[in-house]
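Keep the sequence and the 3D view open as you read.

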Amino acid sequence: MTADQFVKALKAEGVKVAERAGWRTHNRNHKGAWGNVNGVVIHHTAGTNSLALCANGTASLPGPLCHTHLAKSGTATMVGHGRANHAGTFAANAFNAMLNESAKHPRPDAAEPIDANARTYGIEIENLGNGKDFYPQAQYDAAVRWAAAVCRFHGWSEHSVIGHAEGTRRKIDPKGPVGKASGPMWDMDKFRADVAKVLAGKPGSTPAPTPTPPKENTDVSKREISDAVWEQDVIVAPDKSPTKATNPTWKAASFLREIYDMVREIRDAVRDLRDAQR
């Protein structure tokens with residue numbers, strides 16, 4: 001899709017669209033071509049207030065980090081058009097299931113030879129990704145319509161839609177309850193079924209949800225605060241990490257575990273030296 005076609009398709013499907021300045025030419029095309037596109041990848045942001053991050057990225061992972069950022073309110077903001085750093089590499093079996101529109105999406109293989117950034121559209125949905133932060137119904141409905149809009153334009157079925165965790169073993173998204181904190185957990189099979197329901201009608205034929213701003217959560221537990229800090233997958237991986245190319249960002253909790261393991265190794269080595277000197 002051209003940038004204009006992208007916006008037109010989303011609006012026709014009933015998605016509330018906003019446009020970030022410069023998004024139509026904001027891409028990573030100088031790193032490689034974007035296309036032939038074959039599918040749609042669904043992500044969660046693993047953080048809050050992440051619109052700017054999705055647009056700009058980080059020093060080690062430059063933006064755009066998706067094509068569209070989806071707020072809790074259900075507003076879809078366009079942040080890039082072209083190649084984006086959203087999916088990374090994918091397993092061939094997972095990619096081929098999406099490409100061939102298989103009704104079964106297998107567990108991805110460990111090997112990841114496919115450059116999914118070049119072959120897919122990506123949406124980042126605002127959510128902590130800690131399994132507790134929920135997706136308001138308006139946000140979920142907008143995600144369904146966003147995916148349906150892309151699929152309808154290309155003549156794809158719902159099986160051209162894949163969760164990030166279905167393409168690689170490195171990721172867990174999308175994750176979290178839908179509708180409310182006690183709601184059912186996000187399920188990609190159900191999401192695809194909901195996309196299929198939208199595709200079964202004409203564009204915008206089903207009533208569009210009315211986005212409402214999320215209420216400010218003033219009753220946040222200490223555990224939720226801790227998870228929000230330690231479980232965000234946004235810290236640049238160590239330079240000497242053997243998996244930095246495929247896993248460029250780490251959770252803060254992962255750094256803490258890494259430090260703990262190194263301290264244990266040093267302590268054990270010191271103990272062995274002392275024993276050898278006795």
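Two strands count as paired if DSSP finds at least two bridges between them. Helices (H or I, at least four residues) and strands (E, at least two) are DSSP runs, numbered from the N terminus. This is a predicted model, in which local features need pLDDT of at least 70, side-chain atom pairs count only at pLDDT 80 or more, and totals for chains, interfaces and linings use all residues. Residues are numbered from 1 along each chain as its sequence is written, and side-chain values use heavy atoms, with hydrogens and water left out.

## The sheet

Six strands form an open sheet with mixed pairing, in the order β1-β4-β3-β7-β2-β9. Its edge strands are β1 and β9, each of which pairs on one side only. Between neighbouring strands the average turn is 25°, direction ignored; angles here run from 0 to 180 degrees between N-to-C directions, and axes are lines fitted to C-alpha atoms, for helices over the stretch in contact.

Strands of a sheet pair through backbone hydrogen bonds, either parallel or antiparallel.

| Strands | Sense | Bridges | A facing pair |
|---|---|---|---|
| β2 (residues 39-44) and β7 (residues 120-125) | parallel | six | Val41 and Gly122 |
| β2 and β9 (residues 161-163) | parallel | three | Ile42 and Gly163 |
| β3 (residues 68-70) and β7 | parallel | three | Thr68 and Ile123 |

How many of the residues of β2 are buried? Six of its six are, where buried means under 20% relative accessible area, exposed over 50%, and partly exposed in between (1.4 Å probe, protein chains only). In a regular strand the side chains alternate between the two faces of the sheet. For β2, both faces are covered: Gly39, Val41 and His43 lie on one side, with Val40, Ile42 and His44 on the other.

Helix α1 touches β1, β3, β4 (75-78) and β7, and its direction makes about 155° with that of β1. Contact means heavy atoms within 4.5 Å. Helix α4 touches β2, β3, β7 and β9, and its direction makes about 170° with that of β7.

The two helices also pack against each other. The axes of α1 (residues 3-12) and α4 (residues 137-154) are 8 Å apart, at an angle of about 120°. That makes α1 oblique to α4, because angles under 35 degrees count as roughly parallel, over 145 as roughly antiparallel, 65 to 115 as roughly perpendicular and the rest as oblique.

Which residues meet where α1 and α4 are in contact? From α1 there are Gln5, Phe6, Ala9 and Leu10, and from α4 Trp146, Ala149, Val150 and Phe153. By type, this contact has seven nonpolar residues, one polar and no charged. Ala, Val, Leu, Ile, Met, Phe, Trp, Tyr, Cys and Pro count as nonpolar, Asp, Glu, Lys and Arg as charged, and the others, Gly among them, as polar.

## Loops worth a look

Val37 is in the loop between β1 (16-19) and β2, and is buried, with a relative accessible area of 11%. Although Val37 and Arg119 are 82 residues apart in sequence, their C-alpha atoms are 4.2 Å apart. Leaving out residues up to four places away in sequence, Val37 touches Ala118, Arg119, Thr120, Tyr121, His154 and Trp156.

Asn127, in the loop between β7 and β8 (135-136), is buried at 0% relative accessibility. Among the residues it touches are His44, Ala46, Lys72, Asp133 and Lys175.

Now for some backbone details. Most residues other than glycine have a negative phi, and most peptide bonds are trans. Here a cis peptide bond joins Gly35 and Asn36, with omega about -10°, and Asn36 lies in the loop between β1 and β2. Another cis bond joins Gly63 and Pro64, with omega about 5°; Pro64 is in the loop between α2 (51-56) and β3.

Ala46, in the loop between β2 and α2, has a positive phi of about 60° and is buried at 9% relative accessibility. Glu101 has a positive phi too, near 55°. Glu101 sits in the loop between α3 (92-99) and β6 (114-115) and is partly exposed, with a relative accessible area of 28%.
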